[in-house]
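Let's walk through this structure together, one piece at a time. Keep the view open beside you as you read.

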Amino acid sequence: MSEPRVIRILHVVGGMNRGGVETWLMHVLRHIDREKFQMDFLVHTEKPCAYDDEIRALGSRIIPCMHPRNPLQYALNFRRILRDYGPYDVVHSHVHHFSGYVLWLAYLGGVPIRIAHSHNDTSRLQAQASFTRSIYLSVTEFLIRRYATNGVAASSEAGKSLFGSSWGVTRKQILYYGIDLAVFKEQIDGFKLRSELNIPQNAFVIGHVGRFDTQKNHAFVIEIAQEIFRKDTNVYFLLVGDGPLRPQIEEAVLMASLAEWLIFAGLRSDVPQIMLGAMDMFLMPSLYEGLPVTALEAQAAGLRCILSDTISPEVSIVQGLVRWLSLSQPARVWAETILEVKQSKNENNFLQTLDSLSNSPFNIVSSVNTLSRLYSN
């Protein structure tokens, strides 16, 4: 009997930098059977990205498709890519509403399986959209309904945001992010990590991991820090990530005279190790999310988490680790809650936590198996 042929998948993303979606896709690429599935990445940038070298080392390709804001030029580029690099069995698009246009082009290019993947609950932003933006959203949603053979969402709210309230009725499913739990079983030198980051060994460290943009609400983190330092100056904030708003946030920290206590770690390839060795708590007051990978990783590291109630409750996978607060509450209330949790004892057993995650759909093995079945079927 002949060998079954390789299933070829083209993922469409903005760029393969260190973000939640991109990190999950890298977990998938590392763990999927690459003799059965060939994954390439169509990106909307020609700039080098953090994961590009590893992607190529694992046998996949980075394929720039420029001018997404110019529909005609983008269509010509997309058709050329399908011709030169294809044929592809699957186009799996991760660019939210723009997926409608992408999957229409994939349909015209003869790609049989066309997946729209919703990673964020952007319903609040959509409700505030301008007239022109509303037209764009309506058109792209129509294209998704018409040309997506499958819809996938990181959470139920993310699904409703892109596919509508009845999104789970046909050809659509939740696919939870899976994380690689092996790294959380490693021995971490916390003393070395804190020394490297200029954090005192006896300090209580509140961590945040995320791109510096409006969604992540770093300005509110600064407000919370100001309230905390009125009562406790042995608390440090560790901010991991980069992005367009980082200079603005750094300036705000200087103006608030908090530079000694707010540490900017930049982009890191060792986020799980930092969570294990340098953080005592995880804070995420995002304006909106789908199902953030970093909140899953924080629980895998045994960290107690303070999250905004805009984040899907599905992210709470370890009992007792997650507390929710409303963004309508002032920074003072957030600070008081953080200090209250700081004083309480963490009752969770770390090994039991990892066991529960191993047997959950948030394990990368489960995630990859689900995705493999979707591609194969």
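Helices (DSSP H or I, at least four residues) and strands (E, at least two) are DSSP runs, numbered from the N terminus. This is a predicted model, in which local features need pLDDT of at least 70, side-chain atom pairs count only at pLDDT 80 or more, and totals for chains, interfaces and linings use all residues. Residues are numbered from 1 along each chain as its sequence is written, and side-chain values use heavy atoms, with hydrogens and water left out.

Let's begin with the sheet. Six strands form an open sheet in the order S10-S9-S8-S11-S12-S13, paired in parallel; two strands pair if DSSP finds at least two bridges between them. Strand S10 (262–266) and strand S13 (322–325) each have a single partner strand, so one side of each is left without a neighbour in the sheet. From one strand to the next, the twist averages 25°.

Now look at S13 and its partner. Strand S12 (residues 304–308) runs parallel to S13 and is joined to it by four bridges. Ser 308 stands opposite Leu 325 in S13.

Helix H12 (residues 293–300) lies across strand S8 (204–209), strand S11 (281–284), S12 and S13. Its direction is at about 165° to S11, where axes are lines fitted to C-alpha atoms, for helices over the stretch in contact (heavy atoms within 4.5 Å), and angles run from 0 to 180 degrees between N-to-C directions.

Finally, turn to a helix pair. The axes of helix H9 (residues 218–229) and helix H13 (residues 331–343) come within 8 Å and cross at roughly 60°. Residues in this contact include Phe 220 and Ile 224 of H9, and Trp 334 and Leu 339 of H13.
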